[in-house]
Structure formats: structure tokens, C-alpha cells
Amino acid sequence: GFVQRLEILSGATFILGGFLKVSVLLLAVSRGIAKVANCKDYRFIVTPAALLIANVSFFFYENTMYMFRWIRDVWGYFAFPFQFVIPIMIWIGAEIKVRLSK
């Protein structure tokens, strides 16, 4: 009986962690869109962004197995520019801007 309760605890931890991750990402998307659109308040963007994310998530993958196959085969090539190339370009641009301002 004790081991079964531990499984429930780990499952609840994963669900809570996933909820927190999605919440933080939704907040970041909403604030980013508000900053790009030059809006003072981000709260009115949260609902349309959440609905758009939910809609895209339903149509992007046919099922869970397809998602895992896509992650295994494509994700590394897809994520490389976003995780390495673009941050390095932003860092170099920020360094140039700081040195030119001095």
C-alpha cells in the first residue's frame, strides 16, 4: 500500500510541475507580446494567447506517439537555432551596443 501512495505523489508532482511550467511560459508569452505591441498591461493578452496555444496544440500533433517520434527525429534540428544561434547573436548584439555606448 505504501508504494502505491508514492506513485500517486510522484504523479501529482509531475502534474503540478507541468501546470507551473505552462503558467510561467504563458506569462512570458503574454508579457513579450505586450512589450512588442507597446501595451502597458499584459493581462488582456493572456486569454487569447492561452486559447491560441491550446488550439495549436490540438492541431500540431495527431497523437502522443507522433509527438514522441517528432521529438526523437526532428526536435534536435528544430531547436538548435533557438537554443544556440539566436541567443549567441543577441549576446553579440548586446555586447556591441554596450561597447558603442561607452
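Let's start at asparagine 38, which sits in the loop between H1 and H2; helices here are DSSP runs of H or I with at least four residues, numbered from the N terminus. Before I go on, a word on the model: it is predicted, local features need pLDDT of at least 70, side-chain atom pairs count only at pLDDT 80 or more, and totals for chains, interfaces and linings use all residues. Residues are numbered from 1 along each chain as its sequence is written, and side-chain values use heavy atoms, with hydrogens and water left out.

Back to asparagine 38: its phi is positive, about 60 degrees, although it is not a glycine. Is asparagine 38 buried or exposed? It counts as exposed because its relative accessibility is 71%, where exposed means over 50%, buried under 20% and partly exposed in between, with a 1.4 Å probe and protein chains only.

Now to serine 30, in helix H1, residues 2-36. Serine 30 has a relative accessible area of 0%, so it is buried. A polar atom of its side chain lies 2.9 Å from the backbone oxygen of leucine 26. Leaving out residues up to four places away in sequence, serine 30 touches Tyr42, Ile45, Val46 and Ala49; touching, or contact, means heavy atoms within 4.5 Å.

Valine 46 counts as partly exposed because its relative accessibility is 24%. Valine 46 and alanine 34 are 12 residues apart in sequence, and 9.8 Å apart in space from C-alpha to C-alpha.

Next, the other helices. The axes of H3 (residues 64-73) and H4 (residues 75-101) come within 5 Å and cross at roughly 60 degrees; axes are lines fitted to C-alpha atoms over the stretch in contact, and angles run from 0 to 180 degrees between N-to-C directions. Trp70, Ile71 and Asp73 of H3 meet Trp75, Tyr77 and Phe78 of H4.

Last, the largest pocket, with about 800 Å³ of space. Which residues lie nearest its centre? They are Val22, Leu25, Ile53, Ser57 and Tyr61, out of 16 lining residues.

Conventions. Helices (H or I, at least four residues) and strands (E, at least two) are DSSP runs, numbered from the N terminus. A polar contact is a pair of N or O atoms within 3.5 Å; within protein, one must be able to donate a hydrogen and the other to accept it, and residues adjacent in sequence count only if both atoms are side-chain atoms. On a 1 Å grid over the protein atoms alone, a cavity is a set of points where a 1.4 Å probe fits but cannot get out, and a pocket is an open set with protein on both sides within 12 Å along at least five of seven lines; lining residues have an atom within 4 Å of a point. Grid points are joined across faces, edges and corners, and a volume is the space filled by probe spheres set on the points.
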